[in-house]
Each structure stands twice: as structure tokens, then as C-alpha cells.
Amino acid sequence: MKISDRLGSIPMSGIRKMFDLAGPNSINLGLGEPDLAPPKEAVEGMNKAASDGLNKYGPTAGIPELRNKVAEWFSRYGSLSADNIMITPSGSSALLEATQAFVDPGDEVLVPSPGFVIYSPHTQLAGGRPLEYKLTEGDFLPDIEDIKTLITKKTKMMVVNSPSNPTGGVLDERTYKALLDLAEDHNIMILSDEVYDAYIYEGKHHSFMNRLDKAVVINGFSKMMAVTGWRMGLICSNKEVMNDLIKMQYHVCASPNMPAQYGILNALPVMESYLENARRVFRARRDLISKRINEIDGMTITPPRGSFYAFPSYDLNISSEDLAGELAKNGLICTPGSSFGKYGEGHLRFSYAADEKKIDAGMDILADTIGKLRSR
């Protein structure tokens, strides 16, 4: 049997490759998975729902109670109702569903580079053509001038990610407005990935939820609540296209996980205090990993303002894949910058969702490996 050319043309994620090179006792700073315990209310709510028999199919768009509460939670960004919200089986599937719903064969989609690994493949699976736009060095904001050079009559969508995976970059107000101006001037829709909005350490989050005339917004609960294994996300859109998105989801999964929805519903009232503590933990880890990286000769990082990723640059004459391979052999798992697009080369991605002890030990390996490579 022959798989489709669409799927055959897409490589496996570079995030996973390093695991095959690393030993069983390696320090894993490769995956973005919070090590914090989820809110006990989330687990209790899910367990109670399952015990009470809520294990059958539910509404395709999610249970009404949760859609209402999620709209209330995100009303800090815009005027929302349950009709603007669809619960999805993960943020990743939400991105896939949105791309399938809006992109036709031949459409061009602008994706950030460095940017999360699924944006371009999702475009290709929909028959579209992904074009990578640059981020500015250091603060990793979308390069507006570079985006302008890529826009054509075929440009249908522009993907924006803030806070960013892999860079930790956070949109400022000037760039946010410039992106909206481009969208309006050229009739381009924005697909905004905002799954890390809960983790910002300086400044504020500029959400596109208040501009649903030009944007569809993806968010999720997996990272917010440290329940990555639950695979729960959401799509926020205007009411005019929501029914079409619900139709798309029906053909993907029929309906999202019922018990997990009740777990999320039960946890939302305590999330403000939970996230306040989580941000305190991750900010301290951000400061630690940034300090350790900047102490290494030839490596540079501006402390990221959001998410829980560090994306330092280095000045060695070696590809990021080869450097990440050397680190994996020495017991440190990270991700090569090239996994995140052509403009990610010359960088490595580290997740500081691990504890301080692992971060310190990992940075010891990084410093030792870089030092030996520089002395060759």
C-alpha cells in the first residue's frame, strides 16, 4: 500500500529525533510539558464525571456549561459568548481543523520561522503552500517588512503565535496592530495560536479574540492546567463561521472527551490562583536558565517574556541538529532550532518546564559540551 503524496512529503517532527540518540538517564529539556501537578479540582471533576456515567458521546462543540464558562474566562480579551467557543480534542487538532476549514489547494499561508513544527505540515495537508516569515532576532517578533514581501494574491492566511513556541517571544502592541493592518489591507485571515497566554512574565497578552472579524484563535487547557495527556483545546471564532468549524470537528472526532470537559469546568474557578503560582515557578526557572546560558562563551539569549521555552543562539560552526545530537550523546535532550523552520538554524530550544535541579544539571552538560567543541 502507498501512502498519499501529501503525507509522504512531510517529515517526522524534529522534536522527537533526539530521543533516539539519548540514553535512558538523560536530562530531558526537550518537551514542553509542565512538571507541575494539575489543579486537584480538575482531576476530581473528571473522576466524578466518569463515575457518574458521563462517558458517552456529547455535543460536537462541547458541553454548553463549559462553552459558557470558557467564554467568561476569556472575556478579559473581548466580548465573547458560548457561540464563539468550540471545545476541541487538543490545541493541535484545533489548528488542524481550522486549517482544513479555511485553506484550499493553492492557497498560500504565512507561517512564523522559527515557529511551531505543525504549522507548515497542516498547510500542506490542506493542499496549501506554506511560506516562512522571519522573526526579529532577540525579541522574536514578526518581521513586518519581511511579511510584506511574501504577500501575494494567493495569500489566504497568516499564522501568528504569541507567546511563542519555540522562542518565548510575546507580541507588543505595535506589532499586534501592524499585523491587523496587514490583514485588513490585503484581506488575509489571522490564525492566532495563543495556547501559552497564561504564561507571560513581562508585559501583557495582546489577543486576537477581540478581532474575530479578522481572526480565528486557538487556545487550550493542556498547558494551562498541566494536563497535557488529556488533549483538550478550543477554537474561538465569530458566529458566522462557527457552524462550519463544528461541522469540520464532527468529521474529525464526533465530540470531545466528556469526563475531561467536566474536569476543566470544575477547575476554572480556581485557575487564577493556580496560574499565579505557576507563573512564579516558571519565571524563576526562566531567570535561571537565561543566566546559565549567557554565562557560556559563544551563547546568547534575551530572557523570554512568555511560554516556558528558551531559544538561545550560538556562534559555533556546526548545525543545530548536529549540536543537539552531541548534547543528546552527552545526556541532555533539547531540540535543534532547524526543526522550527529555516530561520531557526543557529539556535537550540530548551524547555524550562522541568525543575531547577534538572535545569542546572542540563546547563552543566551544555557548558561542558560547548567548551569542548570550541577547543577543537
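In what order do the strands β10, β14 and β13 form an open sheet, and is the pairing parallel or antiparallel? The order is β10-β14-β13, and the pairing is antiparallel. This is a predicted model, in which local features need pLDDT of at least 70 and side-chain atom pairs count only at pLDDT 80 or more, while totals for chains, interfaces and linings use all residues. Residues are numbered from 1 along each chain as its sequence is written, and side-chain values use heavy atoms, with hydrogens and water left out.

**The open sheet**

In the three-stranded sheet, β10 (309-310) and β13 (335-336) stand at the edges with a single partner strand each, so one side of each has no neighbour in the sheet. Helices (H or I, at least four residues) and strands (E, at least two) are DSSP runs, numbered from the N terminus. Two strands pair if DSSP finds at least two bridges between them. Two bridges join β10 to β14 (residues 348-351) in the antiparallel sense, and Tyr 309 has Ser 351 of β14 as its bridge partner. Helix α12 (residues 320-329) lies across β13 and β14 and runs at about 45° to β14. For that angle, axes are lines fitted to C-alpha atoms, for helices over the stretch in contact (heavy atoms within 4.5 Å); angles run from 0 to 180 degrees between N-to-C directions.

Strand β6 (residues 189-193) is largely enclosed by the rest of the structure, because five of its five residues are buried. Buried means under 20% relative accessible area, exposed over 50%, and partly exposed in between (1.4 Å probe, protein chains only). Met 189, Leu 191 and Asp 193 cover one side of β6, with Ile 190 and Ser 192 on the other.

β6 pairs with β5 (residues 155-161) in parallel through five bridges, and Met 157 stands opposite Met 189. The pairing of β6 with β7 (residues 215-220) is also parallel, over four bridges; here Leu 191 has Val 216 as its bridge partner. β5, helix α8 (residues 173-186) and β6 make a right-handed β-α-β unit. Right-handed means that, with the strands pointing away from the viewer, the path from the first strand over the helix to the second runs clockwise.

**Backbone exceptions in loops**

Most residues other than glycine have a negative phi, and most peptide bonds are trans. The table lists departures from this pattern.

| Site | Backbone feature | Value |
|---|---|---|
| Ser 113 to Pro 114 | cis peptide bond | omega near 5° |
| Ser 162 and Pro 163 | cis peptide bond | omega about -10° |
| Phe 140 | positive phi | about 55° |
| Asn 187 | positive phi | about 55° |

Pro 114 is in the loop between β3 (108-113) and α6 (119-125), and Pro 163 lies in the loop between β5 and α8. Phe 140 is found between β4 (129-134) and α7 (144-150) in a loop and is buried, with a relative accessible area of 9%. Asn 187, in the loop between α8 and β6, is exposed at 62%.

**Gln 249**

Gln 249 is found in helix α9 (residues 239-253) and is buried, with a relative accessible area of 0%. A polar atom of the Gln 249 side chain lies 2.8 Å from the backbone oxygen of Thr 60. Leaving aside neighbours within four places in sequence, the residues in contact with Gln 249 include Thr 60, Met 86, Ile 87, Thr 88 and Glu 97.

Key. Polar contact = N/O pair within 3.5 Å; in protein donor to acceptor, adjacent residues only side chain to side chain.
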